[in-house]
Amino acid sequence: MSWSSASLSLKYRLRRAHPRRGALHRRLNRLDLADAAEIKAVQEQRLRVLVRVAAAKSPFYRDWFRTSGVDPREIRTIADLSLLPLVSRRDLAERADDFRTLPRRLMWSVRSSGTSGVPIECYRTITSSVFELAVLEHQWGWFGLPSNSRRVVLRGSNFAIGRSRGPTMAVPGANQLLVSSYHLTPDRVDVIVNEIRRFSPDAIEGWPSSIALLAALLRDRRMTIPVDAIITSSEMMAPGQRTLIQEVFDAPVIDHYGQTERTVMAGTCEAGGYHVFPSYGIVETIPVEGSSTRREIVGTSLQNTGFPLLRYRTGDEVRPSAPGPCPCGRALPLLGVVDGRVEDTFTASDGRPLPLPSSIVDDLTGLREAQIAQLRPGVFELRVVPGKGFSQSDTAAHATRNIARQFGPGQELRVRVFDALPRPRSGKLKTAVVEQPLTGETRPARPAIPVQRDS
Ligand SMILES: [Zn+2]
């Protein structure tokens with residue numbers, strides 16, 4: 001991902017200036033007042049559109065409808081979804097291009113390692129990205145936060161490397177001040193606080209682990225930065241983290257749940273409910289083996305016509321939802337607590353905390369499975385299972401570059417190739433782990449590659 005201020009600003013402006021924005025906001029406002037039957041009707045009308053597009057233009061679904069004997073016109077209601085197959089992350093990892101209905105160049109491509117060690121590539125139409133932003137802004141509106149709010153954003157970063165650049169970067173067109181998640185240390189806190197105060201934010205937004213790191217630094221100095229809202233996503237928030245960030249930033253938490261695959265989205269309301277945004281996607285849940293309380297979220301995207309995913313197994317588990325109706329008065333369906341991403345924070349060679357370290361492997365290509373492990377502070381091991389188009393030297397060079405850009409110079413990385421990554425006792429592969437070196441390697445390891453200094 002390129003983090004240049006100009007490209008971020010352009011992408012944001014493009015979405016904000018889209019001609020359909022006004023109509024989307026009006027539709028979202030109407031759904032807030034709709035009853036359950038009206039909401040279902042809106043979903044089913046969109047579902048029929050998505051199924052029609054998928055059956056006609058996506059090679060994956062074209063093949064499936066032809067061989068299954070199901071007529072796409074039979075899929076008319078949410079109940080009819082059960083006629084369609086479940087799609088797994090593995091299907092996407094192996095055949096992402098077969099899901100596309102449009103040429104690659106007409107869509108935005110995104111890569112992610114997620115939490116499960118299986119890297120995928122997804123595509124988004126510009127219209128679905130505009131819709132995504134509209135839904136987020138709509139949710140902010142529940143808390144009185146305007147769509148042009150000034151936001152401090154802590155979501156990784158790879159801009160803050162070297163002596164010449166500080167730990168923050170302004171994106172004027174997007175009203176954002178980016179703060180590096182990897183440079184939240186006591187010696188930088190004064191610079192960061194001064195930049196934030198000068199920026200005068202309405203909200204702070206990002207990974208809960210990063211916001212909590214900043215909040216802890218502020219608390220240690222008995223400082224607060226009151227804002228109107230704290231916008232979080234991508235990770236589970238521990239209760240201690242929530243208390244800490246609410247104390248330091250003195251604002252309500254606006255959390256949302258989504259996936260790189262963009263099938264469904266949900267978020268908190270001002271009354272504490274966790275609502276599905278029904279025009280974004282349809283949520284089903286299926287049983288989780290070995291658990292009587294948790295279920296897996298299965299999502300059907302209703303907006304991304306360029307990359308239709310119907311009944312996609314997200315791998316995310318959810319607990320039972322609160323009994324309705326929500327005190328906020330909206331009939332939007334309620335979702336339980338999502339057991340989202342929980343990752344150990346890595347430590348750099350100079351002791352800096354490195355939150356959500358799986359982002360290092362997000363954009364690597366040619367891999368069936370990938371895992372980044374911290375062997376000791378500043379010493380990391382990338383474990384990979386080769387996929388289509390794999391090149392060990394390219395993977396090593398790419399990961400080395402990512403580490404230098406994101407974690408900073410002075411780290412060490414080695415790459416080890418496996419036929420299959422050893423599973424922990426839980427059976428669930430994690431993308432980022434802090435542990436000791438593994439045994440059981442199946443191919444010769446390369447010698448350690450010292451990470452080059454970024455000039
Ligand atoms: Zn509510």
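Is cysteine 269 buried or exposed? At 3% relative accessibility, cysteine 269 counts as buried (under 20% relative accessible area is buried, over 50% exposed and in between partly exposed, with a 1.4 Å probe and protein chains only). Keep in mind that this is a predicted model, where local features need pLDDT of at least 70, side-chain atom pairs count only at pLDDT 80 or more, and totals for chains, interfaces and linings use all residues. Residues are numbered from 1 along each chain as its sequence is written, and side-chain values use heavy atoms, with hydrogens and water left out.

**Zinc site**
- Cys269 (SG), His275 (NE2), Cys326 (SG) and Cys328 (SG) are the protein donors of the zinc ion, at 2.1 to 2.3 Å (donors are N, O and S atoms within 2.8 Å of the metal, or 3.2 Å for Na, K and Ca; water is not among the atoms, so sites may look incomplete).
- The donor atoms subtend angles of 103 to 118°, so the arrangement is tetrahedral (four donors with all angles between 85 and 135 degrees).
- For reference, the ideal angle for four tetrahedral donors is 109.5 degrees.
- Along the sequence, the donor spacing reads C-x5-H-x50-C-x1-C.
- Histidine 275 counts as buried because its relative accessibility is 0%.

**Sheet**
- An open sheet of four strands runs in the order β11-β12-β13-β14, with antiparallel pairing (strands are DSSP E runs of at least two residues, numbered from the N terminus, and two of them pair if DSSP finds at least two bridges between them).
- β11 (281–287) and β14 (338–339) are the edge strands, each with a single partner, so one side of each has no neighbour in the sheet.
- Two bridges join β13 (residues 312–318) to β14 in the antiparallel sense, and valine 318 has valine 338 in β14 as its bridge partner.

**Cavities**
- The whole structure holds two cavities of 30 Å³ or more (a cavity is a set of points on a 1 Å grid over the protein atoms alone where a 1.4 Å probe fits but cannot get out; lining residues have an atom within 4 Å of a point).
- The largest cavity has about 50 Å³ of space (the space filled by probe spheres set on the points), and its lining includes Arg124, Glu132, Arg262 and Tyr280.
- That lining divides into one nonpolar, four polar and three charged residues.
- About 40 Å³ lies in the second largest cavity, whose lining residues include Trp142, Phe277 and Pro278.
- Helix α2 (21–33) gives the largest share of this second lining, three residues.

Notes: Tetrahedral: all angles 85-135°; square planar, octahedral: opposite > 155°, others 65-115°. 1 Å grid on protein atoms, 1.4 Å probe; cavity = no way out; pocket = protein on both sides within 12 Å on 5 of 7 lines; lining within 4 Å. Nonpolar A, V, L, I, M, F, W, Y, C, P; charged D, E, K, R; others polar.
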